[in-house]
Amino acid sequence: MSIVLETQGLSKSFGAIKAVSDVSFALHKGELLAMIGPNGAGKSTCFNMLMGQLKPTAGTVWLNGQDLAGLGPRQIWRMGVGRTFQITGTYASMTVAENVQMALISHHRRVFSILPYAHRLYRDRALDLLNLVGMADQADRHCAVLAYGDLKRLELAIALAHEPSLLLMDEPTAGMAPRERIALMQLTADIVRDRGVSVLFTEHDMDVVFAHAHRVMVLNRGQLIADGTVDQIRNDPRVQEVYLGG
Ligand code: ADP
Ligand code: MG
């Protein structure tokens, strides 16, 4: 299996705080990889470094073999790294379909700069993506009236409009009801399976992680303390210690 994302010795300090310490891992193509750990473990700091939002204090990140050192968020996004945000980046005054169309137009303008503004084509593609995330029936509603869980699904459709090879999702289900959480992760797992997209995500709900992740990494106080299959992680005494507050 080919490696999509790899880190070696990734570290970030804020003054005296070692938020992330010497984290090394690899994410393979088509993998749904979870990063878990208690609050303050360093998960978001890791994600922010992977997205180019934060500069590592030490260590290297490779995307498909290319060193990301010195690259900013926009450059990394252009290399095919999609992401979803805790606060959605949708336009409230536009409809659901228009939001996806905007993303499609910006993506295709970039990739095929000569492609004309083919409104109809983008509408159809937007509907395909909305269908994929189970929102085709809401295509013509304004985003302002959407339920939170629907906004998150829309955000996923927008991310997919850019045809990412890797999706980074930091707490994609934050603020969602348990049933919505399960549905969003199921949807993400389907997308990984059907589209060959690789995903790195964080999630608080262990049941959701254990039900869907292919592999799980555990971060505690900035350090990677375990990396393995769901069964290995579930039975790892170090992980139990962290979660039982031992
Ligand atoms: P998690 O996402 O796992 O909850 P974070 O990566 O947000 O953890 O935080 C890890 C540690 O780094 C925490 O102790 C947090 O207070 C600290 N931290 C995160 N961002 C900053 C920052 N910008 N300045 C100072 N400390 C920070
Ligand atoms: Mg966080």
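Reply: Start with the sheet of 6 strands. This open sheet runs in the order β6-β7-β8-β3-β9-β10, and its pairing is mixed. β6 (81–84) and β10 (223–228) stand at the edges with a single partner strand each, so one side of each has no neighbour in the sheet. On average, neighbouring strands here are turned by 20 degrees against each other, direction ignored. The model is a predicted one.

Take one pair from this sheet. Strand β7 (residues 166–169) and strand β8 (residues 198–202) run parallel and share 4 bridges. Within that pair, Leu-167 has Val-199 of β8 as its bridge partner. A helix also packs on the sheet: α5 (residues 148–161) touches β6 and β7. The direction of α5 makes about 170 degrees with that of β6.

Two loops deserve a stop. Glu-171 lies in the loop between β7 and α6. Its phi is positive, about 50 degrees, although Glu-171 is not a glycine. Most residues other than glycine have a negative phi. Glu-171 has 17 within 10 Å, so it is partly exposed.

Arg-221 is the next stop. This residue sits in the loop between β9 (215–220) and β10. Arg-221 also has a positive phi, near 50 degrees, and is a residue other than glycine. Its count is 15 C-beta neighbours inside 10 Å, so Arg-221 is partly exposed as well.

Now the other sheet. Its 4 strands form an open sheet in the order β2-β1-β4-β5, with antiparallel pairing. β2 and β5 (66–67) are the edge strands, and each pairs on one side only. Inside the sheet, strand β1 (residues 3–14) and strand β4 (residues 58–63) run antiparallel, joined by 5 bridges. Ser-11 stands opposite Ala-58 in β4.

Which elements each supply at least two residues of the shell around ligand 1? They are β2 (17–28) and α1 (43–50). α1 gives the most, with 3 residues. The surrounding residues include Phe-14, Ile-17 and Ala-19. By class, the shell has 4 nonpolar, 6 polar and 1 charged residues.

Stay with α1. This helix is mostly covered, with 6 of its 8 residues buried. After α1 comes Gly-52, with a positive phi near 85 degrees.

Last, the domains. The assignment gives domain 1 as 1–80 + 165–246 and domain 2 as 90–163. Their centres, taken over C-alpha atoms, are 26 Å apart. Where they meet, 8 residues of domain 1 are in contact with 7 residues of domain 2. On the domain 1 side, helix α6 (residues 178–195) brings the largest share, 3 residues. That side has 6 nonpolar, 1 polar and 1 charged residues.

Key: Residues numbered from 1 in each chain as written. Chains lettered and ligands numbered in written order. Predicted model: local features only at pLDDT ≥ 70, side-chain atom pairs only at ≥ 80, totals over all residues. Near = placed C-beta within 6 Å. Nonpolar A, V, L, I, M, F, W, Y, C, P; charged D, E, K, R; others polar. Buried ≥ 20, exposed ≤ 12 C-beta atoms within 10 Å, placed from the backbone. Pairing = 2+ DSSP bridges. Axes fitted to C-alpha atoms, helices over the stretch in contact; angles between N-to-C directions. Contact = placed C-beta atoms within 7 Å. Domains from an automatic or database assignment.
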